[in-house]
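Please look over the sequence and the structure shown here before reading on.

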Amino acid sequence: MSPASVFVCLSLTLLSDYPVIRVKPDNSGVVTDGVKHSMNPFCEIAVEEAVKLKEKKFIKEVVAVSCGPTQVTETIRTALAMGCDRGIHVEVSGKDYEAMGPLQIAKIFAALAKKEEASLVILGKQAIDDDCNQTGQMTAALLDWPQGTFASEVTIDGEKVKVVREIDGGLETIKISMPAVLTADLRLNTPRYATLPNIMKAKKKKIANMKPADLGVDMVSRVEVLRVDEPPTRLAGVKVETVDDLVAKLKANGTI
Amino acid sequence: MAMGTLSRVVRLSSCIGRSRRLIFNSTQRRGIASCIDPAHGLSDEQKEFQKMAFDFAAHEMSPHMAEWDEKEIFPVETMRKAAQLGFGGIYVQPEVGGSGLSRLDTSVIFEALSTGCVSTTAYISIHNMCNWMIDTFGNTEQREKFCPELCTMDKFASYCLTEPGSGSDAASLLTTAKLEGDHYILNGSKAFISGGGDTDVYIVMCRTGGKGPKGISCVVVEKDTPGLSFGKKEKKVGWNSQPTRAVILEDCHVPVTNRLGQEGQGFNIAMRGLNGGRINIASCSLGAAHACVQLARDHLLVRKQFGEALSNNQFLQFKLAEMATKLVASRLLLREAAVALQESRSDAVSLCSMAKLFVTDECFNICNQALQMHGGYGYLKDYAVQQFVRDIRVHQILEGTNEVMRMIIARSLLSESG
């Protein structure tokens with residue numbers, strides 16, 4: 001039985017090479033107003049993988065999902081232009097959006113995956129603005145599905161998925177049964193550009209709207225951000241003349 | 001933090017690994033100052049096209065811009081990649097492989113692509129114009145024969161109107177086409193042909209009838225037709241990623257079935273093509289100016305003299321403000337002209353001429369001023385700003401000199417009754 005649909009879960013992040021990110025004056029977070037946002041690069045890789053699997057006829061349908069304010073629909077449209085079939089926008093805005101963290105997102109994705117009977121949920125391994133690297137794993141845990149994280153190669157083999165994972169020690173190959181959750185790492189693929197015809201076709205594809213309440217998800221955060229600070233300014237270094245001086249200074253410092 | 005220096009170092013040592021998303025050297029992806037953001041006023045769909053074109057320019061063109069210029073490389077593979085995204089026939093009908101977009105969509109796309117390489121984008125726009133001519137004025141057989149391969153850029157096109165003896169006075173062209181049976185015999189030469197010698201399909205304006213514009217027809221000459229040859233590759237100040245050669249026709253036999261439209265319709269086809277061509281070339285200037293304003297801004301923030309960053313200097317602040325203002329004014333005029341052309345408004349021709357005149361002049365000044373702001377570094381080929389200046393200088397000359405643009409506008413003003 002070939003898998004029916006794959007969910008690709010997208011994250012909207014601050015533009016990857018924006019030169020200056022500022023901390024808000026009240027230290028409650030980072031200034032996001034007026035800063036350009038775009039699809040998280042790892043999520044682009046996830047979309048590409050899902051579309052590739054569809055092109056190889058392993059799956060029938062790719063659904064792009066994202067949680068957040070209206071801005072997020074642009075990201076879903078980009079995913080549609082890359083080849084996803086339809087989108088789902090889970091509306092979260094205002095205070096709920098500011099407090100939204102990996103656990104709440106994972107709950108939403110898990111509820112959706114169950115509701116729509118997805119066979120595979122693919123996410124980017126982490127969002128480049130918060131670098132949490134938790135959503136995929138939490139989603140799998142909530143669904144009690146196997147997970148193949150940091151995937152650098154994905155092959156579907158009947159009812160199972162072979163995943164080559166990038167880990168600290170090198171590469172690990174695992175075989176997990178579907179339904180499963182995968183998270184995409186950098187070297188999984190190179191995302192395609194959307195073509196002009198696909199961008200135009202994407203206009204006609206449907207994006208469904210819903211709220212977390214519709215899925216019975218409680219958005220209350222268990223985490224409270226106390227304070228956000230800039231990294232300390234780098235202090236000037238000290239030049240020493242000899243190795244003995246260096247050792248003496250390190251000892252005096254308490255470093256050795 | 002020396003962001004400017006970092007970007008320069010990265011620029012010199014081409015792409016860092018596979019992580020193309022995490023590359024810092026792109027002028028396009030920097031925090032775009034909101035007041036000059038080219039996305040303002042566009043529809044969601046147009047913003048998607050634009051984003052995609054900016055991405056393509058940043059990753060596929062910008063890293064190679066300097067090399068293509070220095071080594072005079074015609075980047076066939078990159079252009080074919082662009083064609084796969086639909087850039088080979090942007091305003092050509094979908095049934096023959098085009099993308100069927102509007103003139104405004106096209107302008108937005110060329111503006112974005114130019115930030116990656118003006119010269120290559122300008123060639124792509126010429127190719128698009130030729131493709132459109134066949135699509136619009138050709139019959140079914142001609143459209144089906146030529147357009148699909150031009151849309152995929154399996155074949156490349158060149159536009160041949162100018163001759164050694166007729167530039168601005170285009171209607172006085174001398175290349176003859178004598179009808180003999182089912183062939184025209186072409187004799188003459190064309191000058192300054194972009195892509196000449198390396199392209200496959202040549203749209204040639206030639207004289208089938210008497211003097212003046214009414215005697216001119218338009219024929220498609222294919223590469224390797226006996227009698228078709230080329231002059232030496234010209235050495236140019238800019239536009240070096242496209243070869244420019246004279247096209248020589250000596251008893252070149254072209255089948256009558258290759259004529260686009262009617263005999264005597266050639267000049268009309270040329271003028272209609274040039275309206276769009278003017279918008280396209282102005283779009284290329286606009287993209288270059290946009291990139292240069294950002295480069296200048298970044299440089300002012302980084303470079304210190306007299307104990308502080310140049311961005312604290314009021315003269316430079318004012319200069320930058322003027323550049324940004326002219327940039328936005330240019331963009332607005334150009335996009336309005338594109339809309340007018342799309343809707344075939346009565347003021348379309350004048351507006352296209354005004355846009356070409358204003359935009360190419362102002363954008364050259366912007367790029368030139370940006371070079372000045374870089375000081376001595378602006379003169380080095382390590383810095384992109386000089387290439388933008390060199391590449392867009394010719395936009396004030398071709399597609400109808402800016403002097404001819406004034407002629408067209410004056411004629412429109414002075415001939416109006418009442």
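E111(B) is buried, with a relative accessible area of 1%; buried means under 20% relative accessible area, exposed over 50%, and partly exposed in between, with a 1.4 Å probe and protein chains only. The model is a predicted one, in which local features need pLDDT of at least 70 and side-chain atom pairs count only at pLDDT 80 or more, while totals for chains, interfaces and linings use all residues. Residues are numbered from 1 along each chain as its sequence is written, chains are lettered from A and ligands numbered from 1 in the order in which they are written, and side-chain values use heavy atoms, with hydrogens and water left out.

**Salt bridges**

A salt bridge is a side-chain nitrogen of Lys or Arg within 4 Å of a carboxyl oxygen of Asp or Glu. Over all chains, the structure holds 34 salt bridges. E111(B) takes part in one with R331(B). This pair links distant parts of the chain, 220 residues apart: R331(B) lies in helix α9 (residues 314–342) of chain B and E111(B) in helix α5 (residues 103–114) of chain B. Helices (H or I, at least four residues) and strands (E, at least two) are DSSP runs, numbered from the N terminus. R331(B) counts as buried because its relative accessibility is 5%.

| Pair | N to O distance |
|---|---|
| R331(B) and E111(B) | 2.9 Å |
| R143(B) and D135(B) | 2.8 Å |
| D347(B) and R345(B) | 3.1 Å |

Both R143(B) and D135(B) are buried. In the pair of D347(B) and R345(B), by contrast, D347(B) is partly exposed at 31% relative accessibility, and R345(B) is partly exposed at 28%. Salt bridges that share partners also join E48(A), E55(A) and R192(A) into one network.

**Domains of chain B**

An automatic or database domain assignment divides chain B into domain 1 (44–156), domain 2 (158–264) and domain 3 (267–410). The centres of domain 2 and domain 3 of chain B, taken over C-alpha atoms, are 30 Å apart. Their contact (heavy atoms within 4.5 Å) takes 14 residues from domain 2 of chain B and twelve residues from domain 3 of chain B. About 1000 Å² is buried between these two domains of chain B, and carbon and sulfur atoms give 71% of that area. Buried area is the accessible area (1.4 Å probe) that two parts lose on being put together, summed over both. On the side of domain 2 of chain B, S168(B), V237(B) and W239(B) lose the most area to domain 3, together 44% of what that side buries.

**Chain A and its helix α1**

Chain A contains seven helices and eleven strands. Its C-alpha atoms fill a box of roughly 70 × 40 × 40 Å along the principal axes, and 46% of the 256 residues of chain A count as buried. Helix α1 (residues 41–55) of chain A has 15 residues. Twelve of those 15 residues are buried, so that α1(A) is mostly covered; among the buried residues are F42(A), E48(A) and L53(A). After α1(A) comes K57(A), whose phi is positive, near 70 degrees.

Methods:
The expected span of a helix is 1.5 Å times one less than its number of residues.
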